[in-house]
Every structure is written in C-alpha cells, then in structure tokens.
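Subject: Structure handover

Hello,

Here is the structure for your work, followed by notes on what was found in it. Please read the notes with the coordinates open.

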Amino acid sequence: MNPAGFFVAWGTMRVLGIESSCDECAASVVEDGRWVLSNVVATQIPFHAVFDGVVPEIASRKHTEWIYGVVKEALDRAGLGPADLDGVAAVSRPGLLGSLLVGLSFAKGFAWARGLPFIAVNHMLAHLYASRLEDLPALQHTQGSGPAGEPEIPAGASPAPGYPFLGLLVSGGHSIICRVDDFDDITVLGATIDDAVGEAFDKVSKFYGFGYPGGAAIDKLAQAGNPDAFRFPLPNLHKGQHPYDMSYSGLKTAVINQLDRFRSRGGRAPGGNGEGADIAASFQKTAIEILLRSLLRAVHDTGLNTIVAGGGVAANSYLRARLAGLGASPEAGGSLRCVFPPARLCGDNGAMVAGIGCRYLERGETSPFTVSASARVEGFKRKYP
Ligand code: KG4
Ligand code: ZN
C-alpha cells in the first residue's frame, strides 16, 4: 500500500468494490466501511455446473462480458455516479488469474479515468470483513441475489467486535483459523493440509449428483437426515507441532465409500429422508466438528473468546447453529461470542471488497497501478505455537 497522495474529504466515504476472483462477477458500493448501498452478484454457476467445477477460461470470458454491466448496475442501484465515489477497490489475490485480472484491470481503468484512489484487496481479508457490513435499513431485502426473507440484524444492534479476535475463514479454496489483530493483520494459526472444507462439500455433492457448487445442496439434504447415523473418522494430525491444522481428504473418501456401499445395495442417494440424507447429515456434522475441534483448541490456547467467521461455508446452517449453541457452554470456556456475516454476504461479493477498501482509504493507504493479480494467498504470517 502507498501512503496518501490524495485528499480524503472529511465526512461520508463511498467506495466501489469489485470481486472477480472465481465464478461470481460482483460489484457493490459501501459507505463508511459499513453501509451497503448496493450489492450486485452475477453468478456464472450455470455455465460451470455442466462441467462439475469452475472452468477458468469460461470464467474469465464471462467476467469480461459482464463486468461493465455489473458495475453500472451497482452504481445505479446505489443511485450514484462515478463522481460520487471516493475510491475503487478490487480483489487482486488469491483466485483464478484470468478472472482476477478482469476485475482488477477494470478497477484500475475506472480509477485512472476518474482520478480516484485505487485499492487492491486480499480476498480472504475481505471475507473476514464481511460481518462488519450492514444494509441501510431502507434498503433491506430489496437488493442482492441472496436468500429471500433472511432475517437481518437491525442497524446498530450488535457492535462490530474489537480486535483481536479469532477468524474462521472457510470457503471453497481455504480453511484457515487465524488470530486477527486488525482488518489487514492476521496470523494464520492453522489451515487445512489438503482439501478445503468447501471443496469437501463440493466433492461429496458431486458424488450425490447435485453438481457444483454443492455446499448448499448438502446442507439442505442434511436437514432431513440423522447426523449421528454414521461415525466418520476425525483426522489424527500431529497435534504437538500443528495443533490447529485440519484435513478433509480422509473424510471425503470415507463418505464417498459409504455412498458407494449404499448404492451397491440399490439405494438412490438424492432425495428426502433415508440413508442418503443420513450420510449427508453425518458428513456435515463431521466436517464441522473437524473445524470446531481446532477452533476450540485455539480459543483455549489464545484466550480469545470472540470468533468471526467468513467465506461461503460460513453460510452452513449446522456450523452457525453449533457455534451459536456454544456461547455459554463449558466446552468453549463459558463465554464465546460468534459473529457471522448475513448469509448472502458469506459467499463472494463486492461489498466485502468495498468495505475493507474504505478502511484502507481512511488510513490514507492506496495501491499503485502496477499491482498485479496473484493466484496465491501469500503475505500472511504463519505461527506455530
Ligand atoms: O467464499 P466462496 O463463495 O468462494 C470461495 O472463495 O471459494 O465459497 C464457496 C464455497 C463452495 O465450496 C460452496 O459449496 C460452499 O462455499 N458453501 C457451503 C454452503 N454454501 C456455500 N458449504 C456448506 N454449507 C453451505 N450452506
Ligand atoms: Zn471467497
């Protein structure tokens, strides 16, 4: 980041945020790092679902076709024009290179043409920031592409947690437990050593024939099943050295084998009640327990009793219920506060990018136009106790 070479007016700050790291082409305008004025998410899922996963070439082409319309829609819904903006933020990493380059280059061009500050944002930090965002009360339920009727937290009802806290970043590409000292200062305590948790949901979903992405479909099927019907193995990692690391490849294989056995007896996996739903519920329970085991160990060892979640898997109903239920339990040390973004801001969106972009601007930091896209997460500190 560069120190300020521009003047940030005192008062309202509005930032346009662009996200194009994978298969969502998204843009949003956020005011003062908190209020979501618009949130447009154009999903490419139908174009990738037929291939059971994201096809990078298709993703970057779709971003190129859609980015102008998505940004225009975000400005129109916010009732603003380019002259009303104080900055433009875009995700520069991690993600698919060709996809990242579309949003990043568009943001740079936009900022350059309008003489606006430009901010390159880390996708994972943006996910962690999502829980600090709120809709302006007048705009609630009128925008975005998330689940209808989702209860929103009334504006100002629950103050954003102060730093430090523990972050739980769970998406299709990452499972990270970290100590968070500021919006841009995290220390990775533990991570998956193989598949990400969302990836495990997606692979199991593929086996069910639900296609990509499958987290939400497995979550739904699991609600009709018994989570205690099957006992899947919990990974046994080297706790001494990496006590917060996680692993999902063993669970994924065990679940797929169980589904195979079920099918070989004539069972049909997709559908409502029965063994298919029991397997999904037992898988989901185990997948979330793997996260919680490391997370609660980190709560115990660090003494931090606030957890902030982010990423697509943070929308998972079992994870949300389980963490909410831990609140006052002895298992979690008696007083655990868990903060989630609203479900529609868990997956990839532009609001989390615009929101964190405001914070950099407030600090007077911008990025040079020479910043390029990077596929990898690099840049986070890693800590082993
Ligand atoms: O954060 P995200 O939108 O994209 C990445 O940065 O990866 O996360 C997408 C992941 C996918 O693996 C998807 O299956 C998973 O989040 N996901 C869920 C749920 N909703 C989305 N996983 C479990 N339960 C859900 N309800
Ligand atoms: Zn993401």
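A polar side-chain atom of H127 sits 3.0 Å from an oxygen atom of ligand 1. Please keep in mind that this is a predicted model.

An oxygen atom of ligand 1 is 2.9 Å from a polar backbone atom of G215, and a backbone N or O atom of G198 lies 3.2 Å from an oxygen atom of ligand 1. In total, 20 residues surround ligand 1, and the closest are G172, D202, G215, D219 and N316.

The cut-off for buried is under 20% relative accessible area. H123, at 6% relative accessibility, therefore counts as buried, and D348, at 17%, counts as buried too.

**N122**

N122 lies in strand β5. With a relative accessible area of 6%, N122 is buried. A polar atom of its side chain lies 2.8 Å from the backbone nitrogen of M124. Leaving aside residues up to four places away in sequence, N122 touches R93, P94, V377 and F380.

**The sheet**

β5 is part of an open sheet of six strands, in the order β5-β4-β1-β2-β3-β6 and with mixed pairing. β5 (118-122) and β6 (134-135) stand at the edges with a single partner strand each, so one side of each has no neighbour in the sheet. Helix α10 (residues 351-362) packs on the sheet and touches β1, β2 (24-31), β3 (35-43), β4 and β5; its direction makes about 135° with that of β1.

The pairings, taken strand by strand, are these:

- β1 (residues 14-19) and β4 (residues 87-93) pair in the parallel sense over four bridges. I18 has A90 as its bridge partner in β4.
- β1 and β2 run antiparallel and are joined by six bridges. R14 stands opposite E31 in β2. The two strands, β1 and β2, form a hairpin with four residues between them.
- β2 and β3 pair in the antiparallel sense over eight bridges. The bridge partner of S28 in β3 is N39. β2 and β3 also form a hairpin, with three residues between them, and D32 in the turn has a positive phi of about 55°.

How many of the residues of β2 are buried? Eight of its eight residues are, and β2 is described as mostly covered on that basis. Both faces of β2 are covered: E24, A26, S28 and V30 are buried on one side, and C25, A27, V29 and E31 are buried on the other.

Regards

Technical notes: Residues numbered from 1 in each chain as written. Chains lettered and ligands numbered in written order. Predicted model: local features only at pLDDT ≥ 70, side-chain atom pairs only at ≥ 80, totals over all residues. Heavy atoms only, no water. Pairing = 2+ DSSP bridges. Contact = heavy atoms within 4.5 Å. Axes fitted to C-alpha atoms, helices over the stretch in contact; angles between N-to-C directions. Buried < 20%, exposed > 50% of the residue type's maximum accessible area, 1.4 Å probe, protein only. Near = heavy atom within 4 Å. Polar contact = N/O pair within 3.5 Å; in protein donor to acceptor, adjacent residues only side chain to side chain.
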